[in-house]
Amino acid sequence: MTRAPVPTPQTPADRPLRLVIALGGNALLRRGQKPDADVQERNVADAVAALAPVLERHEVVLTHGNGPQVGVLALQSASDPRLTTPYPFDVIGAQTQGMIGYWLLQALQNAVPDRQVAAIINQTLVDKDDPKLAHPTKFVGEVYDRETAAQLAAERGWTVRQDGDCWRRVIGSPDPLQVIEADLIHHLLDSGVLTVCAGGGGVPVVRNASGRLDGIEAVIDKDGTAALLAMAIGADGLLILTDVDAVYTGFGTPDAASIRAITAAQLRAIDFPAGSMGPKVDAACRFVEQTGGFAVIGSLADAAAMLSGDAGTCVMAGKAD
């Protein structure tokens, strides 16, 4: 398909686009909320309602986070006396893809009943020798105070790190190399199907010595996989939706300033925290650098305005005004 013009604050999108939209974890479970099913179902319905104007007009693949959900299921599994060993993280990741995929599938069917919708479980290939596997950084599960986190780490062999004012479990997060089911997702899009996939970055798998796929104990950055998938399906744009309205310089300081439009090269020159905005910026830049398309980082509530150039931070390959 012919790539659409990059929507900037000066030139909003004027025709249907092929988009990958990465939902942040806050779309499913906000900080401090209990991870009950009904809470998450309501949050999903609200997220889909905010996305409805985009879904009705554009070809969309919807990806999502699963950090809190993975943590809940992992804790349940580790506490189940009937199990010889807890379920591994690849299996738990697949479980969350099915659970969250179901919630999104139903909400999407209710919000845009004239569209065909599919939610699939898919795998993401990683390198078994990726050094990030040996150095856990990816937050999963619920938040704890320092004392409780230290106790759980001692009891369960976890690695824990500080996340803002709280503490959480971290595990290895290797770089995504390939979305195994990318051709299938491409086919669904070409058939007019709104598709939910790559939950939690996809189920992490490696190829063994015989070339067969095996799951591994890891989680993958969902925004990195979203960028990889967007490249594979020929997307015009990548929307990364989070709980802030734009990318900021000096975030959290009196000198904080939002970025409206910027080139990937300019954005690369700014230092962002590895545990928060850094991975989103990297994913946006990689997509733009590899495809010449556009990426926008911003708030879920502003999704439609992000495509009209009225909200978020638009990352472009060309010059930013």
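Buried here means under 20% relative accessible area, and exposed means over 50%. The model is predicted. With that cut-off in hand, take W158. Its relative accessible area is 13%, so W158 is buried. Its partner in what follows is Y144. At 16% relative accessibility, Y144 counts as buried too.

These two residues form an aromatic pair. The whole structure holds 2 such pairs. In this one, the ring centres of Y144 and W158 lie 6.4 Å apart. The planes meet at 45 degrees, so the pair is tilted. Stacked would need planes under 30 degrees apart, and edge-to-face over 60. The pair links distant parts of the chain. Y144 sits in strand β5, W158 in the loop between α4 and β6, and 14 residues separate them.

Helix α4 is the next stop. It runs over residues 146-156. At its start, a side-chain oxygen of D145 comes to within 3.2 Å of the backbone nitrogen of E147. After the helix comes G157, with a positive phi near 75 degrees.

Which residues of α4 are buried? They are A149, L152 and A153. Seen down the axis of α4, these buried residues fall within an arc of 100 degrees, so they line one face of the helix. An α-helix has 3.6 residues a turn, so residues three or four places apart point the same way. The face turned away from the buried side carries the exposed residues E147, A154 and E155.

Now the charges. The structure has 13 salt bridges. One of them joins D175 to K132, with the closest N and O atoms 2.7 Å apart. D175 lies in the loop between β7 and β8 (178-179), and K132 in the loop between β4 (123-125) and β5. The two are 43 residues apart in sequence, so the bridge ties those parts together. D175 is partly exposed at 36% relative accessibility. K132 is partly exposed as well, at 39%.

A second salt bridge pairs K222 with D223. Here the closest N and O atoms are 3.0 Å apart. Are these residues buried or exposed? K222 counts as buried, at 10% relative accessibility. D223 is buried, with a relative accessible area of 2%.

D282 and R286 meet in a salt bridge of 2.9 Å, N to O. Both belong to helix α8 (residues 277-291). They are 4 residues apart, about one turn of the helix. D282 is partly exposed at 28% relative accessibility, and R286 is partly exposed at 26%. The pair is also part of a network of salt bridges, which links R268, D282, R286 and E289.

Last, the cysteines. How many disulfides does the structure hold? The count is 0. Take C314. Its closest cysteine sulfur is in C285, 12 Å away. A disulfide needs the sulfur atoms within 2.5 Å, so the sulfur of C314 is too far from that of C285 for a bond. C314 counts as buried, at 5% relative accessibility. C166, by contrast, is partly exposed, with a relative accessible area of 21%.

Notes
Residues numbered from 1 in each chain as written. Predicted model: local features only at pLDDT ≥ 70, side-chain atom pairs only at ≥ 80, totals over all residues. Heavy atoms only, no water. Buried < 20%, exposed > 50% of the residue type's maximum accessible area, 1.4 Å probe, protein only. Arc of directions from axis to C-beta. Polar contact = N/O pair within 3.5 Å; in protein donor to acceptor, adjacent residues only side chain to side chain. Phe/Tyr/Trp six-rings, centres within 6.5 Å; stacked < 30°, edge-to-face > 60°. Salt bridge = Lys/Arg side-chain N within 4 Å of Asp/Glu carboxyl O.
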